[in-house]
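Colleague: I'd like to learn how to read charged side chains in a model. Could you walk me through it?

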Amino acid sequence: MTQVTITDFRKNLKKYSILAQKEDLEIVNRKEVVFIVKGPRSSKMDAFNALMGAARSDVPYEEILKERIKEL
């Protein structure tokens with residue numbers, strides 16, 4: 001994921017719209033992410049896979065997902 005300043009993003013919108021088709025962009029203002037531009041190839045599964053392993057648990061993730069689905 002590429003970080004781009006909001007000023008640069010505004011000045012070069014066409015350039016970053018082309019780049020966003022290949023990768024996601026984090027738009028930052030004063031070192032704080034203000035929004036993320038996700039390309040059409042981004043998927044929820046990619047986001048989920050990026051989070052896998054971020055939190056440790058003794059409970060298998062399949063069981064956690066089943067419980068979460070029941071709550072919805």
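**Charges and strands**

Modeller: Let's start with Glu63, which is partly exposed at a relative accessible area of 38%. Keep in mind that this is a predicted model.

Colleague: Okay, so which residue forms a salt bridge with Glu63?

Modeller: The general idea is that side chains of opposite charge can pair when their charged atoms come close. Here the partner is Lys66, with the closest N and O atoms 3.8 Å apart. Lys66 is partly exposed too, at 48% relative accessibility.

Colleague: How many salt bridges does the count come to?

Modeller: Four. Among them is Lys70 with Glu67, at 3.5 Å between the closest N and O atoms; that pair also lies in helix α4, three residues apart. Another joins Glu71 and Arg68 at 2.9 Å, N to O.

Colleague: And Glu26, is it buried or exposed?

Modeller: Glu26 is buried, and it has no salt bridge. A salt bridge needs the atoms within 4 Å, and the nearest side chain of opposite charge, Lys38, is 9.1 Å away. The side chain of Glu26 does make a polar contact of 2.8 Å with that of Gln3.

Colleague: Where does Glu26 lie?

Modeller: In strand β2, residues 25–29. Strands of a sheet pair through backbone hydrogen bonds, either parallel or antiparallel. This open sheet has three strands in the order β1-β2-β3, with mixed pairing. The edge strands are β1 and β3, each pairing on one side only. Strands β2 and β3 run antiparallel, joined by five bridges.

How values were computed
Residues are numbered from 1 along each chain as its sequence is written. This is a predicted model: local features need pLDDT of at least 70, side-chain atom pairs count only at pLDDT 80 or more; totals for chains, interfaces and linings use all residues. Side-chain values use heavy atoms; hydrogens and water are left out. Helices (H or I, at least four residues) and strands (E, at least two) are DSSP runs, numbered from the N terminus. Buried means under 20% relative accessible area, exposed over 50%, partly exposed in between (1.4 Å probe, protein chains only). Lys and Arg count as positive and Asp and Glu as negative; His and the chain ends are not counted. A polar contact is a pair of N or O atoms within 3.5 Å; within protein, one must be able to donate a hydrogen and the other to accept it, and residues adjacent in sequence count only if both atoms are side-chain atoms. Two strands pair if DSSP finds at least two bridges between them.
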